[in-house]
Amino acid sequence: WTHVGIMHIFCNTLMNLVLGVPLEGVHGHLRMLLMYNLGVMGGALCYWVGDAHTAVVGMSGGCYSLIGMHISNMLMNWHQMKC
């Protein structure tokens, strides 16, 4: 397992469920696959630029991409959302 600890796994899994499942229902599997993996790769590459001699762990980049997708979805579709 390439995670920092059990809390890291728990928080990432919770974030994936809370944000990822509703977004996947709206935007579909392929778009979510692309955006999530771009977030993972982007996070890993940004981390690599800062310190290339340490290993990257976990799926935090993907979780950050889900947060960005959720915020942009809310901003773009605010008038269609039900409170």
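1. L14 is found in helix α1. Between L14 and C63 there are 49 residues in sequence, yet their C-alpha atoms are 9.6 Å apart in space.

2. A word on the ground rules. This is a predicted model, with local features needing pLDDT of at least 70 and side-chain atom pairs counting only at pLDDT 80 or more, while totals for chains, interfaces and linings use all residues. Residues are numbered from 1 along each chain as its sequence is written, and side-chain values use heavy atoms, with hydrogens and water left out.

3. Now the overall picture. The chain has 3 helices and 0 strands, running α-α-α from the N terminus on (helices are DSSP runs of H or I with at least four residues, strands are runs of E with at least two, and both are numbered from the N terminus). The C-alpha trace spans about 45 × 25 × 20 Å along its principal axes. Of the 83 residues in the chain, 19% are buried. If you take contacts (heavy atoms within 4.5 Å) between residues at least 6 apart in sequence, 67% of them join residues at least 24 apart.

4. What sits in the largest nonpolar core? There are 6 residues in that core: L19, L23, M32, Y36, L66 and M69 (a nonpolar core is a set of buried Ala, Val, Leu, Ile, Met, Phe, Trp, Tyr and Cys residues joined through side-chain atoms within 4.5 Å). Helices α1, α2 (29–50) and α3 each supply at least two residues of this core. As for M32, leaving aside neighbours within four places in sequence, M32 is in contact with G20, L23, E24, L66 and M69.

5. N16, G20, L23, E24 and H27 of α1 make the contact with H29, R31, M32 and Y36 of α2.

6. Next, α1 (residues 6–27) and α3 (residues 60–76): their axes come within 9 Å and cross at roughly 40 degrees. So α1 is oblique to α3. The crossing of α1 and α3 is left-handed (the near helix is turned anticlockwise from the far one by less than a right angle; clockwise would be right-handed). On the α1 side the contact includes N12, M15 and L19, and on the α3 side it includes C63, I67 and H70.

7. Last pair: α2 and α3 pack at an angle of about 125 degrees, with axes 7 Å apart. Here too the label follows from the angle, so α2 is oblique to α3. The crossing of α2 and α3 is right-handed. M32, M35, Y36, G39 and V40 in α2 meet G61, G62, C63, S65, L66 and M69 in α3.

Technical notes:
Axes fitted to C-alpha atoms, helices over the stretch in contact; angles between N-to-C directions. Parallel < 35°, antiparallel > 145°, perpendicular 65-115°, else oblique. Buried < 20%, exposed > 50% of the residue type's maximum accessible area, 1.4 Å probe, protein only.
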